[in-house]
Amino acid sequence: MLEELADDLAYGIFAQRAEAGMRLLKRAVEASANGVMITDALQHDHPITYVNPGFEAITGYSASEVLGNSGRFLLAGDRDQLALNELRQALRERRGTQVTLRCLRKDGSPLWAELNVSPVCSADGTLGHFVSVFHDISERRRYEEELEHQANHDSLTGLPNRNLLRDRQQQAIAYAERHDSSLALLAVDIDQFKRVNNSHGHGYGDQLLRIVAERLADSVRDGDTVARLGGDEFVIILAEPLGDDEVARVIARILEKVAQPVDLDGHALAISCSIGASLFPRDGRDPETLLKNADAAMHRAKARGRGSFHFYQAEMNERVAGQLAIEADLGRALERGELELHYQPQLDLLSGKIVGAEALLRWRHPVRGMIAPKDFITLAEDTGLIVPIGQWVIETACQQVRAWRDAGLATPRLAINLSARQFESDDLAEQLAAAVARAGLDGGALEVELTESLALQDIDRVTAILKKIRQAGVTMAMDDFGTGFSSLAHLLRITVDRIKIDRCFVRDILSDRTAAAVALAVIAMAKSLGVTVIAEGVETEAQLEFLRDSACDEMQGFYFSRPLPSQEFEVLLREARGLSFAGSSAAEDKDDGAPTLLLRGV
């Protein structure tokens with residue numbers, strides 16, 4: 001009996017001591033300035049079961065807001081941190097770990113937390129909870145980041161300095177090597193900068209450097225790097241990937257941007273810069289070589305005069321200079337009257353008569369002579385010049401039809417092949433209707449021609465635009481049909497009056513079973529839909545006979561005529577020239593109506 005009383009007394013004393021210890025521990029945890037969070041290790045997502053006042057003070061969240069939730073809410077969606085991989089692995093393995101995480105407080109301000117996680121097991125060794133203690137190291141990280149920024153950025157302009165530039169170069173080169181692509185390194189130097197310093201003082205010079213830095217940064221993409229090496233020397237990395245022509249356009253944009261007048265406290269300054277360019281991997285495969293070669297090219301540019309650029313490879317300079325010259329001349333071609341339209345006849349395959357024409361854009365350069373569309377249309381698209389050029393094509397073609405009508409010729413119907421840039425205009429239908437009205441043409445005199453790939457870029461938007469165009473009395477034609485490998489279901493949503501079989505199928509129609517099958521399928525489908533079919537690129541009599549025997553409606557190509565200036569095409573209309581078929585007669589003619597003019601404006 002006495003032994004039992006002694007045991008009870010000892011247990012009571014132990015329990016009292018344990019309870020006192022727990023109270024002391026709880027007071028210590030609640031008094032701690034560090035955040036403490038306990039989570040349930042047995043439930044999915046480890047819901048929070050306890051947070052101390054330190055947690056509430058650091059994060060801004062009250063206990064009632066977080067209990068029962070996963071601690072992931074502190075990450076605010078930033079779940080790509082490398083440290084999270086270690087944390088997840090430790091939780092799976094039921095072990096402790098220490099990680100540093102980027103979090104957000106309740107008010108949205110950043111929180112850097114150094115997190116210590118420990119498993120807590122019961123007396124029998126069963127894991128029941130994880131205890132996480134975290135220290136707010138935001139101020140320390142801010143100080144470290146400030147030191148890092150000072151070490152890697154220019155104090156005057158805020159741009160990356162030589163240290164960070166080298167790191168960015170290595171990253172860009174590694175990316176280019178992995179993806180077998182290219183990059184460009186530009187060395188930029190402000191022309192006659194020393195004279196600004198000497199004339200106006202270093203204060204003005206510093207302002208000028210900051211302005212130039214902003215203009216350089218505004219001239220490139222977000223993924224590119226603009227750095228200052230010191231003085232008036234800047235370096236730009238153009239990455240992922242840029243072709244030679246695009247590099248030249250970026251350089252031209254930089255030169256134009258920097259050359260804008262600068263007003264420094266009432267002093268108007270005219271500035272410019274010189275640029276040298278080296279390309280990876282052709283001009284070097286490491287940062288030092290690329291920078292050395294770009295710098296050498298920059299000094300050659302300065303020797304040519306202010307506001308110049310030079311590529312490290314001499315032959316590239318000649319080609320790029322020619323390309324930029326064409327671009328500059330193209331911008332003035334409209335106002336100088338150098339653009340013109342040539343017309344290729346289209347003929348009915350039963351009657352042999354001319355029933356239309358495709359008008360092709362030509363550029364008669366005063367020095368280079370006649371320039372074909374393939375040599376300048378892409379450039380016009382890239383620079384946005386295609387929009388005014390396309391409008392000129394519409395106006396010119398409509399007025400040409402007006403002239404043919406006034407000359408007593410049968411009035412052709414006009415079809416315009418529009419560019420993707422023109423389809424970006426919300427008032428395209430109104431533009432077309434206005435051009436027809438200015439030429440005094442009646443409804444149905446105009447037809448737009450669009451490619452299959454353009455039609456499917458944004459099927460809903462294109463369909464809506466074409467509906468408005470049709471409401472304006474303009475008919476539709478689809479060019480290059482079959483080349484886009486597109487969904488027929490989508491294409492059937494676009495109502496067209498005619499379909500053109502692309503020349504790539506016509507070229508191989510006698511030697512390639514697939515090309516012949518595509519052509520026959522297009523003809524059969526068009527017939528079932530009541531749509532006229534035109535084959536383009538017909539060059540031989542055998543091709544002509546195959547298409548005629550297959551019930552194709554119309555053709556165009558060198559077999560009958562090359563594209564002709566308007567005066568020569570007018571002669572064809574006046575003399576009623578056409579195809580001659582053995583055994584054909586006027587009785588076979590299926591269409592006595594007006595000729596059709598298909599205009600391919602771009």
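Visitor: What makes α5 a helix that lies across strands, and at what angle to β4 does it run?

Guide: Helix α5 (residues 138-152) lies across β3, β4 and β5, at about 130° to β4. Helices (H or I, at least four residues) and strands (E, at least two) are DSSP runs, numbered from the N terminus. Angles run from 0 to 180 degrees between N-to-C directions, and axes are lines fitted to C-alpha atoms, for helices over the stretch in contact, where contact means heavy atoms within 4.5 Å. The model is predicted: local features need pLDDT of at least 70, side-chain atom pairs count only at pLDDT 80 or more, and totals for chains, interfaces and linings use all residues. Residues are numbered from 1 along each chain as its sequence is written, and side-chain values use heavy atoms, with hydrogens and water left out.

Visitor: How do you know that β1 and β5 pair?

Guide: Two strands pair if DSSP finds at least two bridges between them. Strand β1 (residues 35-40) and strand β5 (residues 127-136) have six bridges, in the antiparallel sense, so they meet that criterion. I38 stands opposite V131 in β5.

Visitor: Why are β2 and β3 said to stand at the edges?

Guide: The open sheet of five strands is ordered β2-β1-β5-β4-β3, with antiparallel pairing. β2 (48-51) and β3 (97-104) each have a single partner strand, so one side of each lacks a neighbour in the sheet.

Visitor: Why is I237 called buried?

Guide: Buried means under 20% relative accessible area, exposed over 50%, partly exposed in between (1.4 Å probe, protein chains only). I237 has 3% and is therefore buried. I237 lies in strand β8 (residues 233-238).
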